[in-house]
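Have the sequence and the 3D view at hand as you read.

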Amino acid sequence: MNRRNLLKSGLAIAGGALLASNAVAGTIISETDAPIVGPGKRKLGGKLEVSSIGLGVQNMSRTYQTTIPSRPQMIDIIRKAYDNGITLFDTAEAYGPFECEKILGEAVSSFRNKIVIETKFGWDIDPETGRMRGGLNSKPDHIKTAIEGMLKRLRTDHIDLVYQHRVDPNVPIEDVAGTLKDLIQQGKILHYGLSEPGPETVRRAHAVHPVTAIQNEYSLLWRGPEQTIIPLCQELGIGFVCWSPLGVGFLTGAIDGNTGFAPGDIRGMETRFSRENIGKNMPLVELLKKWAMQKNATPGQVSLAWLSAQKPWIVPIPGTTQMAHMLENVGAAQIHFSNAELTQFNTELAAIKVEGERLPPFVLALSGVEAVAKK
């Protein structure tokens, strides 16, 4: 499962090439190397400045493989990310629940006001115990209680960007956006966004108070947002944040037909990784490996660079629990496509059809939902 094994086949870490002029293929970034050239800056919603690549901390309390990472190591990764230019850190109350917000809050306490923290509400979580009660809850009173808990766990007096994690079909989005607008006026949050929303819900929310960002799954493995949501963001001036930009590891070459998934690993329930489909999807990885060789990079870096090339207001937030992978992802900011290269890449990409669904049916049903109309 360790994508570093790809280097044995001749791929070079681009960040290593940036660190030393005599870097050779196969160089691995060590955790003691000097800071690499960090990511640039981008603006979400035309106003919230963030690093061009962020860091997702979803798995820092429990990995996909259901193991529990070392908390001190996770804190070190977050702090090292900041040292290397990352200023956008993504979490949610549902991650843990609560634990990832606590880890992030502890890790960034010394530089809190120099970064952007984004987190999410929307699941029906007991605010005292963290017990998942099942389903969604975006009732205004619940939102207010959730935000207070977030502020405490994140050790801050404001949240830079808060998302509705999934649209609650039973609560008018006008009520949600109105509640968030009130919290903005109180200074408890600065910006808000929506994750995996239906397009009309975005328009309705934006009419109440401008939406700063949409956070959806988007990668070379899943390009669904290109149909409606990204054009909508372009139209309304909304930023776009990509979760799972590395295809939950597939685009790094870490998953193939021989991969087995641990019980509880959601990837084992995604039909794109079924025995039937994974072989059909491997040409995408082979394409990335080919371009990685040309770019003196890794497949994951090429994947992130492609996302960044789509729009100047798109920001990927790859998550990891490994220091070397975080540094590799930061190095993706130095990989660029010329117009001719992007055209060639996209031509080759168009010949590849991805088979299978991106999520289990019960999770997929929560995406693209439209909120109930306000009476």
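This is a predicted model: local features need pLDDT of at least 70, side-chain atom pairs count only at pLDDT 80 or more; totals for chains, interfaces and linings use all residues.

Residues are numbered from 1 along each chain as its sequence is written, and side-chain values use heavy atoms, with hydrogens and water left out.

Let's start at strand S10, residues 213-217. Helices (H or I, at least four residues) and strands (E, at least two) are DSSP runs, numbered from the N terminus. S10 is mostly covered, with 5 of its 5 residues buried; buried means under 20% relative accessible area, exposed over 50%, and partly exposed in between (1.4 Å probe, protein chains only). In a regular strand the side chains alternate between the two faces of the sheet.

Which strands pair with S10? One is S9, residues 189-195, which runs parallel to S10 over 3 bridges, with glycine 193 opposite alanine 213. Another is S11, residues 239-243, also paired with S10 in the parallel sense, over 5 bridges; here asparagine 216 stands opposite cysteine 242. Two strands pair if DSSP finds at least two bridges between them.

Now follow the connections. S9, helix H6 (residues 199-208) and S10 make a right-handed β-α-β unit, and S10, helix H7 (residues 229-236) and S11 make a right-handed one as well. A crossover is right-handed if, with the strands pointing away from the viewer, the path from the first strand over the helix to the second runs clockwise.

The loop between S10 and H7 holds serine 219. Serine 219 is buried, at a relative accessible area of 0%. Its side chain reaches the backbone nitrogen of leucine 221 at 3.0 Å, a polar contact (N or O atoms within 3.5 Å; within protein, one must be able to donate a hydrogen and the other to accept it, and residues adjacent in sequence count only if both atoms are side-chain atoms). Leaving aside residues up to four places away in sequence, serine 219 touches Ser244, Pro245, Gly247, Leu251 and Leu307, where contact means heavy atoms within 4.5 Å.

Next, some backbone details. Most residues other than glycine have a negative phi, and most peptide bonds are trans. Glutamate 196, in the loop between S9 and H6, has a positive phi near 55 degrees and is buried, with a relative accessible area of 2%. Threonine 66 has a positive phi near 75 degrees; this residue lies between strand S3 (55-56) and helix H2 (71-83) and is partly exposed at 30%. A cis peptide bond joins glycine 96 and proline 97, with omega about -15 degrees; proline 97 sits in the loop between strand S4 (88-90) and helix H3 (99-107).

How many disulfides does the structure hold? There are 0, a disulfide being a pair of cysteine sulfur atoms within 2.5 Å. The sulfur of cysteine 100 is 20 Å from the closest cysteine sulfur, in cysteine 242, too far for a bond. Cysteine 233 is in no disulfide either, as the nearest cysteine sulfur, that of cysteine 242, is 10 Å away. Cysteine 100 is buried at 0% relative accessibility, and cysteine 233 is buried at 2%.
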